[in-house]
Amino acid sequence: MLQSRILSPRRINATTLAADEVASYNPLMRNQQATQLLFELSHPGRRGARYPACDVPDRTVNELLPATQLAEAPPPLPEVTEPDVVRHFVNLSTLNMSVDTHFYPLGSCTMKYNPKRHERLARLPGIGDVHPQQRPEDHQGMLVLLYEMQEMLAEIAGLPAVSLQPAAGAQGEFAALLTAAAYFQDRGEQRTKVLFPSSAHGTNPASAALAGFDTVQLKQTSNGLVDLDELQSHLDDRTAVFMITNPNTVGLFEPNIKRISQMLHDVGGLVYIDGANMNAILGITRPGDFGGDMMHYNVHKTFTGPHGAGGPGSGPIAVREFLGDYLPGPVVQKSVDGIFTLATPAKSIGRVRSFFGNVGILIRGYCYLRTLGAAGLREASEQAVLNANYLKSQLQDLLPVPNGELCMHEFVASAKSVKQKQGVTAMDIAKRLLDYGFHAPTVYFPLDVPEAMMMEPTETESKETLDAFANAVRTILSEDPDYLHAAPHSTAVSRPDEVAAGRQPCLSWMTCPAGQ
Ligand SMILES: *Cc1c(COP(=O)(O)O)cnc(C)c1O
């Protein structure tokens, strides 16, 4: 049985009886363990709502549509009552972990708390109900918000030209690289290479390849920083962009960033700052000040947009003045008479998203920025860095952190020594943490740290939560390794075959092999 001491009360109830005991007592409860699909709850003739009898001539579908447009049989939809449907989905929703229910220290993801006030404000009728195809003069209020958002993002970046269009960090990278490509093409330069360190987020090389560049991965130094000699050896008149995350993936601020930018600029290349890690440096330093020419934000990470499971996102980009003409449009402009209008930059790469970007997330980010203000933003970053260093100090004797005395907003610990001594892997620890009511950290990334566990607590967690998490790790490491290899023990699914799930996703209950 689980150590229920540090589980939430709801979880204790759910786990004091084993799942099959619960099901033998009440077969319908089996659904709570999500072992049943909605299709399996189906009984012929059950309905959610029934329509009154038709009081106009009833015409069959065969009279209305040609035979070629008709299916041979109606789709085999589940026949269930409304309470069945509600319970099914509500129960399913509780099987997942979220920032609203659990501590979620997923490194490189900034799973900070999403204030509910932002949700309410984003749904105000004047915001939620405006249609993007209204004439600009009829939705000046929305355009003011978006214009101010552009201005604030420019200020925080230290880069004056902003496009709110991209709908995710990765799309921001892609759009910025197309912007760079358009700039080089305009200048008649043939620059084909995009460089990035081996610790880069996977989206960096993917975006570069999609944008048509050759990708060059650089070795880093043994302490996780950019190797200047290695960088120098790849710099020439074919170099387009160096993409760098700063603070970098192991949570260190790159001490040579100015020098690196100078090296790129000396050969006519550009520096791209992957801004997903802005949570460490808001109001403290700015990409534009340390040599970046372009960057993206992750509004859904840094500025409290709710995210997870692939969306919704917003990845605005900020660039230097000389790149502004190539940005994706439209961008919001303020005319001399104080009217806000939409304009497409002169040599724009075009649209990358419908209308003005993912406005719902931009508004939440806007509320966050306006709530904290400049001083508050800086404080948030300082607190994020403090929390990461505190958690690091609590875990360091168990899971050593190979790089750096102090970290920024996140750190990468290694379970290598635990694996050598006890045969327990980073994956075992991560999986067992789920039983203790904690979302697992990011594991096995970055690739060059063996048994990596990348943790980012964020500023929104209390000391008690961080202590409880560290205690859970401590307890786990005293447990039987065989029990850990089989963890988690309390979730609906224990260890799915992640590779098969990714490569051959089984999306239809009708065609999946049994047991998947
Ligand atoms: C999250 C992240 C990205 C990608 O952002 P998405 O919004 O998920 O596309 C890029 N780089 C880093 C370092 C990230 O953490």
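Student: Is Glu-230 buried or exposed?
Tutor: In this predicted model, Glu-230 counts as buried, at 13% relative accessibility.

Student: Which side chain does Glu-230 meet in a salt bridge?
Tutor: The partner is Lys-219, with an N to O distance of 3.3 Å. Lys-219 sits in the loop between β3 (214-218) and α10, while Glu-230 belongs to helix α10, so the pair ties together parts that are 11 residues apart in sequence. Lys-219 itself counts as exposed, at 54% relative accessibility.

Student: How many salt bridges are there in the whole structure?
Tutor: A search finds 24. One of them links Glu-119 to Arg-123, with the closest N and O atoms 3.1 Å apart. Here Glu-119 is buried, with a relative accessible area of 16%, and Arg-123 is exposed, at 55%.

Student: Which residues are joined with Glu-119 into one network?
Tutor: Arg-123 and Arg-364 are joined with Glu-119 through salt bridges that share partners.

Student: Turning to α11, which of its residues are buried?
Tutor: In helix α11 (residues 257-266), they are Ile-257, Ile-260, Ser-261, Met-263 and Leu-264. Viewed down the axis of α11, these buried residues fall within an arc of 160 degrees, so they line one face of the helix.

Student: What do they pack against?
Tutor: The buried residues of α11 pack against α10 (228-232), β4 (239-245) and β5 (270-275).

Student: And what does the face turned away from the buried side carry?
Tutor: That face of α11 carries the exposed residues Lys-258, Arg-259 and Asp-266.

Student: Which residue just after α11 takes a positive phi?
Tutor: Gly-268 does, with a phi of about 85 degrees.

Key: Residues numbered from 1 in each chain as written. Predicted model: local features only at pLDDT ≥ 70, side-chain atom pairs only at ≥ 80, totals over all residues. Heavy atoms only, no water. Buried < 20%, exposed > 50% of the residue type's maximum accessible area, 1.4 Å probe, protein only. Helix = DSSP H or I, 4+ residues; strand = E, 2+ residues; numbered from the N terminus. Arc of directions from axis to C-beta. Contact = heavy atoms within 4.5 Å. Salt bridge = Lys/Arg side-chain N within 4 Å of Asp/Glu carboxyl O.
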